[in-house]
Amino acid sequence: MDNDKRFVTGLDVGTENVRAAIASVNQNGELAIVGYNEGKSAGMRKGVPANLAGPAGAIDKMLGEAERMGGYDVRSAFVSINGSSVISTKTEGMIAVGTVEHEISVDDLARVEDVAVSGRIPANRDVLDVVPLEYALDGQGGIKNPLGMSGARLEMRANVISALTPNAENLKKATAAADVNAERLIPSVVAAAKAVLTERQKENGVAVIDFGATTTSVAVYEEGDLQYLGVVPAGSNNITNDLAIVLAIDPEMAEEIKQRFVTGNFNSEKSAVIRIGKEGKERVFERKEVEEVVKARLDEIFGEIRKKLKVAKYDQRLPEGIVLTGGGAKMRDLDLFVKDALEASVKIGVPKGLGGVSDSIEKPEFAVAVGLALLAAEEGGASEIAAKKPKKLPKLTKAPGFIKKLFSKF
Ligand SMILES: Nc1ncnc2c1ncn2[C@@H]1O[C@H](COP(=O)(O)OP(=O)(O)OP(=O)(O)O)[C@@H](O)[C@H]1O
Ligand SMILES: [Mg+2]
């Protein structure tokens, strides 16, 4: 492997699935996917770790395969964080910088950011990111980058992304137990947005909705910046569970019905019954009943998203519409349902335009992992050193008891 390249890793720790995208980055900053994998998650509840051994074991197992594909050992990664504690808060700060001739420096920017953030975010929250929205100099607003400009009073409007500290800490502990340093924690939907949105969409106004297993997150972009972020603690697994309860069937059969027979187009002509199972053991369900259950849950979830968009004042104000990602977005014709529910144009978002073996992960459920790798390529430093180390081949997979032993002391 050539040494002028660096390597980055995106690690999506979901409730139902864990996914990784390993990419090489060339000198122009272009990515080529060199390894990827997905596997079942464990020990996660509504997007946050419920124990450490579950996600650690799932990451370790899944990553092993991705590492073998790429031929590199992943020591550090950009990692997704999720759950309804992940929120955005708009804040403001103001500092005096001296006389009118004073030129705004990097230190001034850090100081005004500090004023905008400290004291505004509760102590039990970790600040994940501060997105500067606008600066003002001596009352003159609309400035995107005041560096080098003159003024005596500097104001900043920002969007602060935060999560409850225990959730962030436990996620870091879980990845550390799988031998991966969580270099940065990025909200899942922000990572998804990185992978599927164009700069033009972000400039004009667009929302990404990541429809996962147990969470549905929304991120709104306008003027190129993240304007709003919110997470609804329900997802596509709720549909499966509702079907299992109402039809009195096991979750596996409910999942099969959802994936094979349910569509987001509730007005189309379809057969009146759904038949499933082997001959002799066949089960027959009224389509009307199935659709009622699915539609009720979709109404609830996207109704909550609509409420959030309304609070953020982006309800019916998205010129570039909505882009759907996540495994839940694989429901056939879901775009038609969401178009009606949110009264906006809707597309399914897949990560595109990367080199290497990327065509295999051009799927809505890989948007988060790919977006994390893209962000790591843009901002990352440590992952370069960490992932660059060629492995001793073949890599000794950790003994199956490794994780168990590690956690026996917990
Ligand atoms: N073909 C399909 N049709 C409908 N739903 C599907 C399909 N394939 C997967 N799903 C659903 O997608 C969900 C999993 O999505 P995803 O992998 O994005 O979740 P996750 O990231 O693990 O969860 P979360 O983000 O909530 O923590 C499951 O509920 C699954 O049933
Ligand atoms: Mg997810």
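This report looks at ligand 1 and the two largest pockets of a predicted model.

Residues are numbered from 1 along each chain as written, while chains are lettered from A and ligands numbered from 1 in the order written. Local features need pLDDT of at least 70, side-chain atom pairs count only at pLDDT 80 or more, totals for chains, interfaces and linings use all residues, and side-chain values use heavy atoms, without hydrogens and water.

**Around the ligand**

Let's start with ligand 1, which has 20 residues around it (a residue is near if one of its heavy atoms lies within 4 Å). T15, E16, N237, E255 and K258 come nearest.

On its own, ligand 1 exposes 660 Å², and the protein buries 92% of that (areas by the Shrake-Rupley method with a 1.4 Å probe).

As for the shell, β2 (17-25), α6 (236-246) and α7 (251-261) each give two or more residues, with α7 giving the largest share, 3 residues. Helices here are DSSP runs of H or I with at least four residues, and strands are runs of E with at least two. By class, the shell has 2 nonpolar, 13 polar and 5 charged residues; Gly counts as polar, and Asp, Glu, Lys and Arg as charged.

**The largest pocket**

Ligand 1 sits in the largest pocket, meaning more than half of its atoms lie within 2 Å of the pocket's grid points. A pocket is an open set of points on a 1 Å grid where a 1.4 Å probe fits, with protein on both sides within 12 Å along at least five of seven lines, and lining residues have an atom within 4 Å of a point. About 750 Å³ of space lies in there. Its lining has 33 residues, with E16, N17, R19, G327 and G328 nearest the centre, and divides into 6 nonpolar, 16 polar and 11 charged.

**The second largest pocket**

This one holds about 450 Å³ of space. D129, V190, Y221, L375 and E379 are the closest to its centre, out of 22 lining residues. Strand β8 supplies the largest share of that lining, 5 residues. How do the lining residues divide by class? They split into 13 nonpolar, 1 polar and 8 charged.

Terms used: Points joined across faces, edges and corners; volume = space filled by probe spheres on them.
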